[in-house]
Amino acid sequence: MSRFDFTHPPFTHLSQHERLALEGAADIVFFDNDEVIMAPGNSVDSLYVLIKGVVREMADDEVLAVYHAQDTFDARAMVAGVATQRFVVHEEALAYCLPRAMVMQLTESNPRFGAFFYASVSQKFGALAQNAGTRELQTLLTATVRDACSRLPVFADGQDSVLDAARLMKQRKSKSILVRHRGQLGMFTTTDFRDTILNELPSSTPLHQVCHFNLITTDIDGFLFDALLTMTQRNIRRLVVMDQGEPVGILAQVDILSYFSNHSHLIAHKLERADTLDELQDIAGQITRLVGILSSHGVKAPQLGRLVQALNARLFERTWQLIALPEVVANSCLIVMGSEGRGEQILKTDQDNALIIRDGFDHPTLQGACQAFSDALARFGYPPCPGRIMVSNPQWCQHEQGMRDQLYRWLYMPDADALMNLAIFVDAEAVAGDHALLAHSKHYLNSLLSDDESFYARFARAIEQFDTPLGFFAQLLTREQNGEATLDIKKGGIFPIVHGIRSLALRHNIAANNTFERLQRLAENGHLERDFANDINETLAFLLGLRLSHGLADLEDGRPASNLIRPGKLSTLEKDLLKDALALVKKFKSLLRHQFRLGAVA
Amino acid sequence: MIGALKKQWAAHRLKDPRFAMLLQEQNEELVSVDCETTSLNVRDAELLSIGAVKIRGQRILSSESFYVLVRPERKPDAGSVRIHGLRPRDVSDGLAPQEAVTRLLDFIGGRPLVGYYLEYDVAILNKYVQPLTGIKLPNRQIEVSGRYYDYKLRQHPDSNVDLRLATLVEDLRVPALPRHDALNDAITASMLYLALKKRGFG
């Protein structure tokens, strides 16, 4: 008899039996509007699962996250036993209250639940650190056993009895002890304890008769990945950690899972090892799932964007390396552009990529490789770009000289698409091959850009393409689609900010690609007021987050992710934030109009 | 004054000192209770299952809930099986009614009772409680539908108040649990009670 459904993560990983046990141990708590569920410093002895209502996670006056029915909070506070943020009820909340001890025990006994659970915890830690993306990737590949091992070993003598061992395990709260016997090292675990009972051995049996001596060890400076691999291959849960021949700790599987937790590490690792396109296709699917998991645990869109950018870059690089011959890779530069280049593309939408080939280099397989690359990406779930901005299109697969000529034409003999192509190219980022080729092209572009103010005005003018859907009395202006009111958040909010900032960055010769980075540099150099830059930063983060959560919902319903959001589905709080965000977009647009004298452009 | 007298009278009538705790009112907690029965007519109805859950402050202690199946003396009729889903074979392993009610009284103690159309459940329970203890359930009773009526009347003084359970569940925005399971119904009543208490009608 199940009252509330546990068919949402992380509980999907529990067995029916475990779910019933958890439900049996859970209380139901009712919280009134504005009630504080936990505040920094409060001790936390339960995990809450919202049954109904809305809860905000706050740091001072800033809303960090909004939780709805079925959302779980706060994994991090529960593990630590103490809250670090304030959780405030936004709309009468009814929550399941799961006892800490039981959840912790499940994370140990059910490794899949544990992995998922700790993924959320360490991701929350990661999300707090700025630019989680690339830094995180570096740490995980270099993480050693020393970083994750925190269990000190408990020692017993081989002559001690099983009864002594039981007392010791209880006293030290340990599930395994190391046994020293005549210069040998053995291990005695709860499993051995079970076998002792089953074999009807007396409790006075000396440990050296029942423990096992063929221990599998790992060096404290070994890579954590290798330790995990060893456990998986041998199907064991614990390794003895050795430091210069001396046992210094026990590394349990749950330690590793809690350290890596977020599958991003595992995905990166798999990417390095993939040898076939089939494997890569599999990994591409995992990236989308990872985004869903991390997003549901409160990782913010800007950080997610950088993380996905790093993973995608490796995915593209690996794909290109598998498809193209080594000399082709060495004499060309594969670039991604647009939102992918800025690191703001979180869910897979269009491919935006190109290839710059070294002048004088040619190879008969080049054309075929480019086509195969575009096909492979389409297979991975990146649909072909409707504007055909991809390597299989000769316009975007050029020698350096050809690319230079093209940039020149876009600037001085612009046709309808020229400014858009230029905008996409400005955001280009190299992912494989000789990165210098892209740097040269960008350098050439900068040398062409003069003090011709009318060019920047033409470039910036695209922000006027779409109206911002906010009415005079701050009502959201929506369009009907399939009988539902919708609003295009990209045209109305994200594009004007991204393109406006891109125009300013181009105008002031700022090399960064990411909009958030560009914003910071613009503020540092005094081209934007610091407070205004911060407001734009928060607004863009909010809009990207909103687009992400809608996109994920689209994917879950089996539709492709779109830029349309349905305001009817937003909570009151989100609607208010959206109105504030769009109001700021309007303000930013009028500032750009003034800076670039857009009114004066013919 | 009258209450004290009634209590003295009840204490006098009490057969078994085991049940004296029923008369010690404990107000820190409440108990929401619901019964499934063989019929809706109090005279014929026999117990099939009892669900109960304690409420402490804002917390529904579902982790310490009470749920028992009861073996009726006569078979449940086909019409009622359709509602509660308890077939004769499901309750054949149930407790004897006296045993079930004794355990329930242990669980309730002197706590006030909460329920939706509690009057009916109390009337059924009293059929067993009275022979067992010599008294009817002395606990204070909080009728959720009554509190809801007061709340609606305060909002719209001259309206007809719809007291159907589905209406309460929707209006007070508590989750709709699968119905006609004694424990689920007791938890639903608890949630309704907390929602009403928050609106000042607890």
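Mentor: Let us begin with pairing, for which the criterion is that DSSP finds at least two bridges between two strands. Please keep in mind throughout that this is a predicted model.

Trainee: What makes S7(A) and strand S8 of chain A a pair?

Mentor: S7(A) is joined to S8(A), residues 176-181, by 3 bridges, and since at least two are required, the two strands count as paired. They run parallel, and within S8(A) the residue that partners Asp157(A) is Arg180(A).

Trainee: Why are strand S7 and strand S9 of chain A said to stand at the edges?

Mentor: These strands belong to an open sheet of 3 strands in the order S7-S8-S9, with mixed pairing. S7(A), residues 155-157, and S9(A), residues 184-189, each have a single partner strand, so one side of each lacks a neighbour in the sheet. Direction ignored, neighbouring strands here are turned against each other by 35 degrees on average.

Trainee: What order do the strands S10, S11 and S12 of chain A take?

Mentor: They form an open sheet of 3 strands in the order S10-S11-S12, again a mixed one. Its edge strands are S10(A), residues 217-219, and S12(A), residues 246-252, each pairing on one side only, and the twist from one strand to the next averages 40 degrees. S10(A) pairs with S11(A), residues 238-243, in the parallel sense over 3 bridges, with Asp219(A) opposite Met242(A).

Trainee: Why is S3(A) described as largely enclosed by the rest of the structure?

Mentor: A residue is buried if 20 or more other C-beta atoms lie within 10 Å of its own. In S3(A), 11 of the 14 residues are buried, and it is therefore largely enclosed. For chain A as a whole, 42% of the 602 residues count as buried.

Trainee: Which strands does S3(A) pair with in the antiparallel sense?

Mentor: S3(A) pairs in this way with S6(A) over 11 bridges, where Val55(A) has Val89(A) as its bridge partner. It is joined to S4(A), residues 62-67, by 5 bridges, and Glu57(A) stands opposite Ala65(A) there.

Trainee: How many residues of chain A are in contact with chain B?

Mentor: There are 15 residues of chain A in contact with 16 of chain B, where contact requires C-beta atoms, placed from the backbone, within 7 Å. On the side of chain A, the elements giving two or more residues are S1 (27-31), S3 (46-59) and S6 (86-99); the largest share, 5 residues, comes from S1(A). By class, that side has 9 nonpolar, 1 polar and 5 charged residues. S1(A) is also joined by 2 bridges to S3(B), residues 59-60, and the two run antiparallel, with Val29(A) opposite Arg59(B).

Trainee: Which residues have the most contacts inside the largest nonpolar core?

Mentor: That core has 88 residues, and the ones with the most contacts inside it are Ile335(A) and Ile356(A). Helix H14 of chain A, residues 301-323, gives the largest share, 10 residues. Apart from this core lies another, of 83 residues, whose members include Val54(A), Val31(B), Val53(B) and Leu192(B).

Trainee: Where do H22(A) and H24(A) meet, and at what angle do their axes cross?

Mentor: The axes of H22(A), residues 489-507, and H24(A), residues 530-556, come within 10 Å and cross at roughly 145 degrees, in a left-handed crossing. In H22(A) the contact is made by Ile489(A), Lys490(A), Gly493(A), Ile494(A) and Ile497(A), while the residues they meet in H24(A) include Ile536(A), Leu540(A) and Arg547(A). The residues of this contact divide into 8 nonpolar, 2 polar and 2 charged.

Methods. Residues are numbered from 1 along each chain as its sequence is written. Chains are lettered from A and ligands numbered from 1 in the order in which they are written. This is a predicted model: local features need pLDDT of at least 70, side-chain atom pairs count only at pLDDT 80 or more; totals for chains, interfaces and linings use all residues. Two residues are in contact if their C-beta atoms, placed from the backbone, lie within 7 Å. Helices (H or I, at least four residues) and strands (E, at least two) are DSSP runs, numbered from the N terminus. Ala, Val, Leu, Ile, Met, Phe, Trp, Tyr, Cys and Pro count as nonpolar, Asp, Glu, Lys and Arg as charged, and the others, Gly among them, as polar. Axes are lines fitted to C-alpha atoms, for helices over the stretch in contact, and angles run from 0 to 180 degrees between N-to-C directions. A residue is buried if 20 or more other C-beta atoms lie within 10 Å of its own, exposed if 12 or fewer, and partly exposed in between; C-beta atoms are placed from the backbone. A nonpolar core is a set of buried Ala, Val, Leu, Ile, Met, Phe, Trp, Tyr and Cys residues joined through C-beta atoms within 7 Å. A crossing is left-handed if the near helix is turned anticlockwise from the far one by less than a right angle, and right-handed if clockwise.
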